[in-house]
Amino acid sequence: QTNWYLKFKRDSESRMRRQGLVLLLIALLHSWCGCADDAALRAVVTRLLEAYLVASNPLGAPNFGGHVFCPFYLYEPLERISADDDADSRIHAKAYAWVLCGEVDAQGEVLAGSSTAMAYTLACSPDESACEVTAQAKPRSGSKYSESVRALFPESLVKEVLGGQPDAMPRTALHDAAKAYFASAPAPAPNYEL
């Protein structure tokens, strides 16, 4: 009976060491490939694209007296890429997004708009706390659309991009962004001129 107990104890300890080693190996691989930081990088990239789309305003200046909004859907995954310059210590990545831009008036009416898939090249600080857009590309229109999507996007995203606006992006995304903005915007001053 004692031999059985010692054998069980020895086997259990050996199994626990193997499991611990496997978990340690998984953790090391996870941190080595940068996967552990993907959620943090994704949050930084999301904030960057929000600010970038407001600043770059793909539709141009509002033409009809409304406000331009550009909600977007960020596709998975973010692709880490190597820098062209070995002296560049920044982390480089490619992000893929479906961007829906529209000019909306205070009553929620869409005055103009367009949507497209975009490919962005980013450079991030080594700690991934800040990123900048270094290049952007969008598929060509017309008969070259499908061919250019295949050239710009990874194979894993081609079918989804060719399918149009992602299901995960609500059809009301533009209206939702406008509603949130106009709800928090100060009311215009009353006009007392007669």
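Predicted model: local features only at pLDDT ≥ 70, side-chain atom pairs only at ≥ 80, totals over all residues.
At 7% relative accessibility, Phe69 counts as buried.

**The overall picture**

The chain has five helices and six strands. Reading from the N terminus, the order is α-α-β-β-β-β-β-β-α-α-α, so by the DSSP assignment the run of strands sits between helices on either side. Of the 194 residues in the chain, 30% are buried. Among contacts with a separation of 6 or more, 58% are between residues 24 or more positions apart. The accessible surface of the chain is about 12900 Å², and carbon and sulfur atoms account for 57% of that area.

**Aromatic pairs**

How many aromatic pairs does a search of the whole structure find? The search turns up six. Take Tyr52 and Tyr120: their ring centres are 6.0 Å apart and the planes meet at 85°, so this pair is edge-to-face. Tyr52 belongs to helix 2 and Tyr120 to strand 5, so the pair ties together parts of the chain 68 residues apart in sequence.

Phe69 lies in strand 1 and Phe182 in helix 5 (residues 173-184), so here the pair ties together parts that are 113 residues apart in sequence. Phe182 is partly exposed, with 26% relative accessibility, whereas Phe69 is buried. Tyr181 joins in as well: ring pairs link Phe69, Tyr181 and Phe182 into a cluster.

**Disulfides**

A search of the whole structure finds two disulfides. In Cys70–Cys101, the sulfur atoms are 2.1 Å apart. What handedness does the S-S torsion of Cys70 and Cys101 give? The torsion is about 120°, so the disulfide is right-handed. This pair links distant parts of the chain, 31 residues apart: Cys70 is in the loop between strand 1 (67-69) and strand 2 (72-74), and Cys101 is in strand 4 (residues 91-104). Both Cys70 and Cys101 are buried.

The other bridge joins Cys124 and Cys131, with sulfur atoms 2.0 Å apart. Its S-S torsion is 100°, and this link is right-handed too. Both Cys124 and Cys131 are buried.

**Leu41, next to the second bridge**

Leu41 sits in helix 2 (residues 38-56) and is buried, with 0% relative accessibility. Leaving out residues up to four places away in sequence, Leu41 touches Leu78, Arg80, Cys124, Glu128 and Cys131, and that list includes both cysteines of the Cys124–Cys131 disulfide. The C-alpha atom of Leu41 is 8.9 Å from that of Ala130, although the two residues are 89 apart along the chain.

Which residues of helix 4 (residues 155-162) are buried? They are Leu157, Val158 and Val161. These three cover an arc of only 120° around the axis, which puts them on the same side of helix 4. An α-helix has 3.6 residues a turn, so residues three or four places apart point the same way. On the face of helix 4 turned away from the buried side are the exposed residues Glu155, Ser156 and Lys159. The buried residues of helix 4 pack against strand 4, strand 5 (110-124) and helix 3 (145-152). Just after helix 4 comes Gly164, with a positive phi of about 95°.

Helix 3, one of those packing partners, contains Ser148. Ser148 is buried, with a relative accessible area of 9%, and it touches Pro139 and Arg140 when residues up to four places away in sequence aren't counted.

**Accessibility side by side**

Here are the residues discussed above with their values.

| Residue | Relative accessibility | Class |
|---|---|---|
| Leu41 | 0% | buried |
| Phe69 | 7% | buried |
| Ser148 | 9% | buried |
| Phe182 | 26% | partly exposed |

Methods. Residues numbered from 1 in each chain as written. Heavy atoms only, no water. Disulfide = S-S within 2.5 Å. Helix = DSSP H or I, 4+ residues; strand = E, 2+ residues; numbered from the N terminus. Buried < 20%, exposed > 50% of the residue type's maximum accessible area, 1.4 Å probe, protein only. Contact = heavy atoms within 4.5 Å. Areas by Shrake-Rupley, 256 points an atom, 1.4 Å probe, with all protein chains shown as cover. Arc of directions from axis to C-beta. Phe/Tyr/Trp six-rings, centres within 6.5 Å; stacked < 30°, edge-to-face > 60°.
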